[in-house]
Amino acid sequence: MPVNPDLVGRAFAPTAPYLVGREKVREFARAVLATDPQHTDPEAARALGYADVVAPPTFAMVIQDLTLQQLLAEPDSGIALERTIHAEQRFRYTRPIVAGDELTGRLSITGVRAVGKNAMVTSEAEIRDAAGDHVVTATSVLLIGGDE
């Protein structure tokens with residue numbers, strides 16, 4: 001089944017709140033080789049004006065992944081995970097993610113474009129804190145291989 005072009009404009013329910021933990025931030029920082037002390041040392045982060053350790057910018061993918069799982073679970077999407085490649089990623093931040101944040105993500109599909117037998121699906125995950133304030137919008141493009 002080809003990717004459903006009617007996905008464009010579809011918005012999903014907000015994800016369950018995700019509590020950003022200090023150890024998760026530290027683990028992520030190590031995994032992406034982010035060595036700045038603000039990512040691992042609460043005192044270094046506080047010296048910069050943050051309440052706790054600051055997540056590396058790509059940490060937003062942790063929450064965005066929760067939203068993308070909603071898309072992949074859609075029975076009418078035409079998206080098969082085994083034919084999917086994460087082709088592009090962008091982030092637009094209002095403020096950094098900090099340990100202690102409780103974040104929710106809401107995914108919307110902004111584009112489906114045919115590329116030969118393949119399709120490119122563009123989505124935006126708007127990530128907000130517990131007060132409802134915008135933290136980051138994560139935009140991704142998935143390349144979906146066509147049926148062989």
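Phe28 and Phe59 are both buried (under 20% relative accessible area with a 1.4 Å probe, protein chains only). The model is a predicted one, in which local features need pLDDT of at least 70 and side-chain atom pairs count only at pLDDT 80 or more, while totals for chains, interfaces and linings use all residues. Residues are numbered from 1 along each chain as its sequence is written, and side-chain values use heavy atoms, without hydrogens and water.

Three aromatic pairs are found in a search of the whole structure (ring centres of Phe, Tyr or the six-membered ring of Trp within 6.5 Å). The rings of Phe28 and Phe59 have centres 5.2 Å apart and planes at 80°, so this pair is edge-to-face (planes over 60 degrees apart). Because Phe28 lies in helix α1 (residues 22–31) and Phe59 in the loop between α2 (42–47) and α3 (60–72), the pair ties together parts that are 31 residues apart in sequence. Ring pairs also link Tyr18 with Phe28 and Phe59 into a cluster.

The largest pocket holds about 170 Å³ of space. Of its 14 lining residues, Pro2, Val3, Lys117, Asn118 and Ala119 are the closest to its centre. β3 (102–115) and β4 (118–128) are the elements that give two or more residues to this lining, and the largest share, three residues, comes from β3. The lining divides by class as follows.

| Class | Lining residues of the largest pocket |
|---|---|
| Nonpolar | seven residues |
| Polar | three residues |

Methods
Rings of Phe, Tyr and Trp (its six-membered ring) pair if their centres lie within 6.5 Å; planes under 30 degrees apart count as stacked, over 60 as edge-to-face and the rest as tilted. Helices (H or I, at least four residues) and strands (E, at least two) are DSSP runs, numbered from the N terminus. Buried means under 20% relative accessible area, exposed over 50%, partly exposed in between (1.4 Å probe, protein chains only). On a 1 Å grid over the protein atoms alone, a cavity is a set of points where a 1.4 Å probe fits but cannot get out, and a pocket is an open set with protein on both sides within 12 Å along at least five of seven lines; lining residues have an atom within 4 Å of a point. Grid points are joined across faces, edges and corners, and a volume is the space filled by probe spheres set on the points. Ala, Val, Leu, Ile, Met, Phe, Trp, Tyr, Cys and Pro count as nonpolar, Asp, Glu, Lys and Arg as charged, and the others, Gly among them, as polar.
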